[in-house]
Amino acid sequence: MGSGSRALLCKSFVPSLASSSSTHLFPFSFFKSRTSSSSSTATARVSGMASDPPPSSSSSPPPPSAPANGGDASSVPASSAIDFLSLCHRLKTTKRAGWVIRDIRNPESIADHMYRMGLMALIASDLPGVDRDKCIKMAIVHDIAEAIVGDITPSDGVPKQEKSRLEREAIDYMSKLLGGGQRAEEIGQLWTEYEENLSLEAKVVKDFDKVEMILQALEYETEQGKNLEEFFQSTAGKFQTELGKAWASEIVSRRTQS
């Protein structure tokens, strides 16, 4: 599939929410989870979609203006919470595309990647002006839109601006699925802050994203005898924080010694 066709296909995955104020569920197309046996071509990796949203306990989740406890904007109705979490299950089953197309056996999922980034934020030394708790939250939110749009990589030929638009519409959908309110707004704000690199926390978490990737690359090289030099080359010189630089340097040093 050419890059133009790939971009056109992506546009159909996320329906526009701008023309509707409804918070009800509606038919949605999703990427199937990638597996380690998937083809290295974009065509094979985007071959199957489901036409319906995740199972719901009701066809019409309560709108955000009517929280279950009668007024607490931070409250999430049980039906909305389970709908949202069921959708996020796809993060556990969708394999990271960069590993799939390089024929890594049993590649990590999107959720695997975000979980270790969360651990990085948890154990990192305190940094001046950086909110560690916010970094932890941002780490588990930064790729959450991929539950809908999948793991779009540069090899898919989707322009960066178009990728961001698709993910923003996915975030908007997930926020409505969650019922709106403070929790949904927080997820949206964390995602935007990360996406636009707006804060010190975003810079730290973006470094964690790269650190986690090259650490995983080193582990696959060691375990499976692969040469994944391109991942180290693609991140070299792109770390924004001293913490990220130090951790990346340690990984590269271990790779050199192995």
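**Burial, helices and salt bridges**

Mentor: Of the chain's 258 residues, 46% count as buried (buried is under 20% relative accessible area, exposed over 50%, partly exposed in between, with a 1.4 Å probe and protein chains only). This is a predicted model, where local features need pLDDT of at least 70 and side-chain atom pairs count only at pLDDT 80 or more, while totals for chains, interfaces and linings use all residues. Residues are numbered from 1 along each chain as its sequence is written, and side-chain values use heavy atoms, with hydrogens and water left out.

Trainee: How many helices and strands does the secondary structure of the chain come to?
Mentor: Elements here are DSSP runs numbered from the N terminus: helices are H or I with at least four residues, strands are E with at least two. Along the sequence the pattern reads α-β-α-β-α-α-α-α-α-α-α-α-α-α. The count comes to 12 helices and two strands.

Trainee: Which residues in α10 do E193, Y194 and E195 meet?
Mentor: Contact means heavy atoms within 4.5 Å. On the α9 side we have E193, Y194 and E195, and their partners in α10 are E201, A202, V205, K206 and D209.

Trainee: Is E193 buried or exposed, given its relative accessibility?
Mentor: E193 also meets K134 in a salt bridge (2.7 Å, N to O), which is a side-chain nitrogen of Lys or Arg within 4 Å of a carboxyl oxygen of Asp or Glu. E193 lies in α9 and K134 in α6 (residues 132–141), so the pair ties together parts 59 residues apart in sequence. K134 is partly exposed at 25%. With 15% relative accessibility, E193 counts as buried.

Trainee: How many residues apart are E230 and R102?
Mentor: These two form a salt bridge, with the closest N and O atoms 2.7 Å apart. E230 is in helix α11 (residues 229–235) and R102 in the loop between α4 (97–100) and α5, and the pair links distant parts of the chain, 128 residues apart.

Trainee: Which helix does R255 lie in, and which one holds E229?
Mentor: R255 and E229 form a salt bridge, the closest N and O atoms being 2.7 Å apart. E229 is partly exposed, with a relative accessible area of 29%. The pair ties together parts 26 residues apart in sequence, because R255 lies in α12 (residues 242–257) and E229 in α11.
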